[in-house]
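Colleague: I'm new to reading protein structures. Could we go through this one together, with me asking how you know each thing?

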Amino acid sequence: MRLRRAGFSALLVECRDGEHVEAWRAEIWRRREAGELRVTDIVPGARTVLLDGVAPGTAELLADWPEPSVAQKQVQRLVEIPTTFDGEDLSEVAAIWGVSSTAVIDRLIGTELVVAFGGFAPGFAYLRGMPEAWSVPRLAAPRPRVPAGSVGLAGPYAGIYPTASPGGWRLVGHTDQQLFDVRAEPPALLTPGTRVRLGPA
């Protein structure tokens, strides 16, 4: 872990990989809930955790913590997303993986994913958990409009579009599950650390 200052009241925790990001995010969250740490926002990324609104002395406090173990995973809530696997790129993903479309669906249903971080649009969650060998390239040219609820793959991540928007992910299916509701608390259904399973609709 490497710690950097970011502006007047923020710290950036740089991690080796996504698993260590989740380990640090969970540990920082746990200590804040226990009253051991004062921080306003905890924002994980692909290789970082941003702590915004930190109290003076937080950098020195974090520097003294032992590195959390990625093996000691906290039990997070599981969200099952009913999915219809009818995406227009399903056959292309099958070709990239060298398997049938049915095998792609079986792999996705059988894989437990975890929300690594959010971004791109309110309610959009980057889901990690697929083996590196399953990474797929984004489309060469993004679609001008991807329908809300579309389930896609890009690089090592899976993701679900909460609203209609442009996008270059390879679409494998869709869901009617609402992912973002400004009236809910929290507004996003899929928050960092949440376990996710794509199941048949």
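Modeller: Gladly! Keep in mind that this is a predicted model. Ask away.

Colleague: What makes E80 count as exposed?

Modeller: E80 has a relative accessibility of 56%. Exposed means over 50%, so E80 counts as exposed. You will find E80 in strand β5, residues 78-83.

Colleague: Which residues does E80 touch, leaving out those up to four places away in sequence?

Modeller: E80 touches Q177 and R197.

Colleague: Let's turn to E27. Why is E27 called buried?

Modeller: The relative accessibility of E27 is 14%. Buried means under 20%, so E27 counts as buried. E27 belongs to helix α1, and its contacts beyond four places in sequence are with W65 and P68.

Colleague: What makes the pair E27 and R30 a polar contact?

Modeller: Their side chains come to 2.8 Å in a polar contact, and the cut-off for the N or O atoms is 3.5 Å.

Colleague: How do you know that the span of helix α1 agrees with what it should be?

Modeller: Helix α1 has 16 residues, 18-33, and at 1.5 Å a residue it should span 22 Å. Its end C-alpha atoms are 22 Å apart, so the two agree.

Colleague: And what do the buried residues of α1 pack against?

Modeller: They pack against β2, β3, β4, β6 and β7. Among these buried residues are V21, W24 and I28.

Notes. Residues numbered from 1 in each chain as written. Predicted model: local features only at pLDDT ≥ 70, side-chain atom pairs only at ≥ 80, totals over all residues. Heavy atoms only, no water. Helix = DSSP H or I, 4+ residues; strand = E, 2+ residues; numbered from the N terminus. Buried < 20%, exposed > 50% of the residue type's maximum accessible area, 1.4 Å probe, protein only. Contact = heavy atoms within 4.5 Å. Expected span 1.5 Å × (residues − 1). Polar contact = N/O pair within 3.5 Å; in protein donor to acceptor, adjacent residues only side chain to side chain.
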